[in-house]
Amino acid sequence: MKKHTVIGKWLLAGSLGITTVGVGGFIPSPYVYAEQSMKQVDYEQAAKEFISLAEQQDWDTLYPLLSENLQKYLTKEQLPHLWAGFASYGKVNTVTLQEKQNNGLHEKVKLLLTAENGTLLFVLNYNQNGKVDDFHIEAPNDPSQIINPEYNHPENYIEKQITIGEESFTLPGVLTIPKGDGPFPVVILVHGSGPNDMDETLYAIKPFRDIAVGLANHGVAVLRYDKRTNTHAIKASMDPKFTIMEETVLDANLAVKALKSIPKVDDNNIFVLGHSQGGYALPLILENDKNQEIKGAIGVAGPTGKFHDLLLWQMEQALLRAEKMNAPKEQIDAAKAQVEWLKSQIALLEDPQYSRDNLPPEFQLQPPYWWFDLNEYEPAELIKEQNVPLLFLQGGKDIQVPAEQLENWKSALEGRKNVQYQLYPDMMHMLVNYKDKPDGITEYMTPGNVPEEFIGDIAEWVKTGSIKEENSVDLTIYKDYQPGLFWSHAFAWAISEGIIKGYEEEKVLKPYQSMTESEYLRVFLRSKLGADLKDESLANIYSLAKSYGLPVKGKGNAALSRGEAAVLLVTSYTGNTVSEEEAVKWLYDQNIIDGYLDQNGKAQKNFTTFKPNEPMKRSHLVTMLYRLNISDE
């Protein structure tokens with residue numbers, strides 16, 4: 001099998017899960033051995049010389065520079081293999097000190113490296129004895145591009161360095177406490193995928209920093225800390241049985257424990273907020289809260305199902321975006337190969353003959369134990385067994401964890417009275433509003449801050465136990481509404497936008513009712529024109545249809561087939577004259593339709609399985625319009 005680029009366990013939600021990098025070509029100065037006290041070490045020089053020694057493969061000189069803690073996990077013989085993973089970046093041309101910070105646990109030194117194949121931040125953590133306790137790389141960022149939010153008022157809070165965790169894996173953190181007597185409710189922030197720092201920094205975005213200073217204005221304390229895979233990247237990667245428990249869950253629970261003895265923190269009001277993978281892990285964090293010390297939990301952009309299913313969806317969506325943007329053929333071909341490779345890995349993962357204790361030798365997702373340990377875990381199932389008050393928040397422009405996931409949480413927790421949900425239409429995955437169409441790159445590179453509305457909702461929920469849910473549609477008033485179906489979220493969207501209407505007297509939606517041509521046109525024109533559609537008379541809707549070049553038959557009460565509806569829909573979006581076969585293919589290509597399942601439960605995407613001669617149903621049309629709307633945003 002051809003070996004493609006290995007996808008790390010931290011790949012989700014746009015984060016970079018890189019822990020090693022290759023460097024080359026740096027000319028060393030005379031070596032400074034890190035056996036001096038912390039005050040005497042020139043960390044910039046020491047960090048540059050560390051890279052130089054590794055480049056020269058002088059492991060005998062380099063290994064003593066590592067701390068005893070790191071040497072417990074990394075032998076001298078392993079260093080060449082570890083450093084071999086750095087080769088992809090090629091020769092290093094420049095090395096510049098970007099930042100040096102004492103975080104209460106380490107002296108954290110960040111070097112900006114420009115290399116043949118890209119730019120990166122090389123980060124070394126020095127302990128109090130001047131030894132390298134760990135190292136990793138991060139996505140490069142320009143600190144001058146980071147925006148200080150308008151709601152940041154340092155005069156309203158103090159910040160205190162704090163450490164959490166267990167020996168060998170102690171983590172640095174910051175507790176942001178509002179000024180005043182207290183005690184204050186406190187929110188613990190749990191990171192998404194990747195070796196995140198305590199601010200969850202990505203390029204020019206620092207969502208956890210924003211949440212901390214924003215909540216402080218509302219009288220809520222916040223604890224944020226570096227993720228284990230950030231502070232202890234090498235040590236974590238050397239554990240063959242490393243799981244999401246070590247990566248995320250245990251440290252969140254230890255953070256709860258650390259807060260119990262801190263003055264001005266109300267230890268009866270400790271809340272946990274999990275973002276992305278942190279939201280995915282929330283049910284595990286709650287399950288591991290043995291003393292029930294967590295008052296409530298907030299899931300932000302958290303996936304509900306199998307981790308590998310979401311990863312495959314993300315890669316397929318990225319491929320579709322590349323194709324829409326007319327990316328170079330070699331890039332598209334590489335993306336297609338990556339998708340097929342991931343499918344082959346998922347097939348191994350789902351093969352019942354394998355388990356975390358019986359790993360297939362050809363499995364390449366790293367680390368294998370992590371993936372197989374999570375194979376049976378579905379957050380939406382575990383959350384059903386828990387009774388902690390919950391708040392789920394989701395961005396409408398999140399293309400990493402889509403808005404449909406919010407509906408999945410609703411379906412899983414249907415009937416629960418202590419759960420609330422909120423959608424922020426313009427918010428992308430890193431919790432920043434983005435007005436344009438997200439493409440998976442530009443929105444992450446654009447500086448921004450967490451919206452104040454989002455922070456205000458968290459504060460209100462923490463302090464009162466509820467928030468006012470805006471723009472929510474209660475479909476439970478309709479007798480035939482069922483949550484969790486393919487059309488459930490689409491109908492909520494369509495009714496809130498005035499695109500389709502329920503039957504108020506009967507209190508039903510009639511999702512499976514067939515449509516006539518005139519009914520189709522009214523629904524389509526409402527989605528197209530919104531409030532500008534003043535006249536829905538038969539004469540006017542057909543006049544508008546002709547102005548859009550739609551191939552209507554002019555028989556308003558005639559039943560509309562699925563094939564005819566596909567032609568009308570695709571013509572309106574592309575402006576091209578298409579056959580039914582071409583229209584159906586376009587809808588498949590754009591991921592707007594899935595096709596009916598065959599007897600084996602597989603969706604065969606062809607014209608026949610679309611069932612073009614069957615009547616178009618209300619639920620099917622609304623779902624297609626919703627997916628087209630999402631793809632256009």
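Q: Which residues touch the most other members in the largest nonpolar core?
A: In this predicted model, those are Leu175, Ile188, Leu223, Tyr225 and Leu259, out of the 67 residues in that core.

Q: And what does the second, separate core include?
A: That one has 48 residues, including Trp493, Val523, Leu533 and Val578.

Q: Let's switch to helix α8. Where does it run, and how far apart are its end C-alpha atoms?
A: Helix α8 covers residues 244-259, and its end C-alpha atoms lie 22 Å apart. At 1.5 Å a residue, its 16 residues should span 22 Å, so the two values agree.

Q: Where does α8 bend?
A: At Leu250, by about 30°.

Q: What caps the N-terminal end of α8?
A: Thr243 does: one of its side-chain oxygens is 3.1 Å from the backbone nitrogen of Met245.

Q: Why is α8 called largely enclosed by the rest of the structure?
A: Because twelve of its 16 residues are buried.

Q: Okay, new topic: what order do the strands of the open sheet have?
A: The four strands go β1-β2-β3-β4, with antiparallel pairing. β1 (92-102) and β4 (132-138) are at the edges with a single partner strand each, so one side of each has no neighbour in the sheet. From one strand to the next, the twist averages 20°.

Q: How many bridges pair β1 with β2?
A: Nine, in the antiparallel sense, with β2 spanning residues 107-115. Within β2, Thr114 stands opposite Thr94.

Key. Residues are numbered from 1 along each chain as its sequence is written. This is a predicted model: local features need pLDDT of at least 70, side-chain atom pairs count only at pLDDT 80 or more; totals for chains, interfaces and linings use all residues. Side-chain values use heavy atoms; hydrogens and water are left out. Two strands pair if DSSP finds at least two bridges between them. Helices (H or I, at least four residues) and strands (E, at least two) are DSSP runs, numbered from the N terminus. Axes are lines fitted to C-alpha atoms, for helices over the stretch in contact, and angles run from 0 to 180 degrees between N-to-C directions. A nonpolar core is a set of buried Ala, Val, Leu, Ile, Met, Phe, Trp, Tyr and Cys residues joined through side-chain atoms within 4.5 Å. Buried means under 20% relative accessible area, exposed over 50%, partly exposed in between (1.4 Å probe, protein chains only). The expected span of a helix is 1.5 Å times one less than its number of residues. The bend at a residue is the angle between axes fitted to the seven residues ending there and the seven starting there. A polar contact is a pair of N or O atoms within 3.5 Å; within protein, one must be able to donate a hydrogen and the other to accept it, and residues adjacent in sequence count only if both atoms are side-chain atoms.
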